[in-house]
Amino acid sequence: MSVRSSKPHEIVERALELSRADGCVVIADEESTANLRWAGNALTTNGVTRGRTLTVVATVDGQQGTASGVVSRSAVTVDELEPLVRAAEAAARGAGPAEDAQPLVPGGPGSPDFTDAPAETSSAVFADFAPALGEAFARARAGGRELYGFANHEMTSTYVGTSTGLRLRHDQPNGTLELNAKSPDRTRSAWAGQATRDFKDVDPAALDADLAVRLGWAQRRVELPAGRYETLLPPTAVADLLIYQYWSASGRDAVEGRTVFSKPGGGTRVGERLGALPLTLRSDPHEPGLESAPFVVAHSSGGDQSVFDNGLPVAATDWIREGELHRLTTTRHSAGLTGLPVAPAIGNLILDGGDPDRSLDEMVAGTERGLLLTCLWYIREVDPATLLLTGLTRDGVYLVEHGEVVGEVNNFRFNESPVDLLGRASEAGRTEKTLPREWGDWFTRAAMPALRVPDFNMSSVSQGV
């Protein structure tokens, strides 16, 4: 009999019973996925998968401090459960004192559904989406374009149990749609993406109609040199840049003088104004439509997460409040080292404070001359001290003149810091849920406005598509 034939909460309880360590954390992740793929206006593949991963964190107290050992395995059988627990204990005994050691989070009111069966997805999640996609194929075929892409839906039920009595559970749905439209000769391409919890809010016809407009824009080609251009960044591009900024907002690294958030001479830039616009960058595990785990789930220690913090409650946090740096990410350990408040990372990111009545189309209409981007990709860090990033534009950069898109231009490599961009942005539109193109495999729960940047640095011309 496999572990999977037992309920996840039973596996958690059994692993805790087997533990001989001074402290123990057990995390069971039950995951199911369903997906569709298509090419040339026709479905190509579909599938459903299921699996479970078990992580055991053992802590051992010693004269010099507390050590931790972490072992994660998938497809563990019942006979392998005790060896897994023993392996974590052996890893802890063989390790030196853990720098991030803290008392395990004390037990409290548990999740009322902790003993329930895990939530699962299936191909039924596409019951309404698949027929609508078929209709989009027909319209695209009639319009002389080809649609390519994929839809993926995951459901992960996470069970966290500890030797201190903590019993928590969180169900995380996560859906993504990526759709490419191409001209029959493949010389023109446009992309659209959407994050969703259940595919009930996805409209393939609307996405295809938008892509058809963009392919029409691309019928006229304009070559432009590298330089600084007034640029409209759509929500997906803003998300990719600010997610990287979020990942780089370590309180400890800032105090140690290693990041853009370090204050010259020592300390951090918390309290400093970063830009003129009253923008607020925040996370909230209860944000409608972007819900994420309301407690820490850490499968390993490193950076700004700690296995000792598993189960620690997280709450709505403003990282930037009305243009002013307000919080940096910390664990309990790094908060103690730096004197900063405890602020664990949270699984979503929202930028508010733009004009709620201003759409991207209206921002285009208000542009005398500038560039409209579709998305960014191949983003890499150049300089952590300034958070200078480089990357490429992709699937459509358009020239706007006198409030209208007049053609597609060549792709560019850019060099920009998201912190500097927030400081230089001259306009922000309506916040909308969006899918980051570059980081969509790791971070999908985002809501961003379009931003107008008067001098976005297109550092060189790129031949990328």
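A pocket, on a 1 Å grid over the protein atoms alone, is an open set of points where a 1.4 Å probe fits, with protein on both sides within 12 Å along at least five of seven lines; lining residues have an atom within 4 Å of a point. Keep that in mind.

Some ground rules. This is a predicted model, where local features need pLDDT of at least 70, side-chain atom pairs count only at pLDDT 80 or more, and totals for chains, interfaces and linings use all residues. Residues are numbered from 1 along each chain as its sequence is written, and side-chain values use heavy atoms, leaving out hydrogens and water.

Now the second largest pocket. Helices here are DSSP runs of H or I, at least four residues, and strands are runs of E, at least two, numbered from the N terminus. α4 gives the largest share, six residues. The space is about 750 Å³, a volume filled by probe spheres set on grid points, which are joined across faces, edges and corners.

Stay with α4. Its axis and that of α3 (residues 129-142) come within 8 Å and cross at roughly 30 degrees. Axes are lines fitted to C-alpha atoms over the stretch in contact, with angles from 0 to 180 degrees between N-to-C directions. So α3 is roughly parallel to α4, the term for angles under 35 degrees.

On to the largest pocket. It holds about 1,500 Å³ of space. Of its 45 lining residues, Val 297, Gln 305, Gly 347, Trp 442 and Arg 445 are the closest to its centre. β4 gives the most to this lining, with five residues. Among the other elements supplying at least two are β1 (23-39), β2 (42-62) and α5 (235-247).

Last, a sheet. It is open, with six strands in the order β11-β10-β9-β12-β19-β18 and mixed pairing. Two strands pair if DSSP finds at least two bridges between them. Which strands are at the edges? β11 (324-325) and β18 (432-434), each pairing on one side only. Further in, β9 (residues 280-283) and β10 (residues 317-321) run antiparallel, joined by three bridges.

Terms used
Angles under 35 degrees count as roughly parallel, over 145 as roughly antiparallel, 65 to 115 as roughly perpendicular and the rest as oblique.
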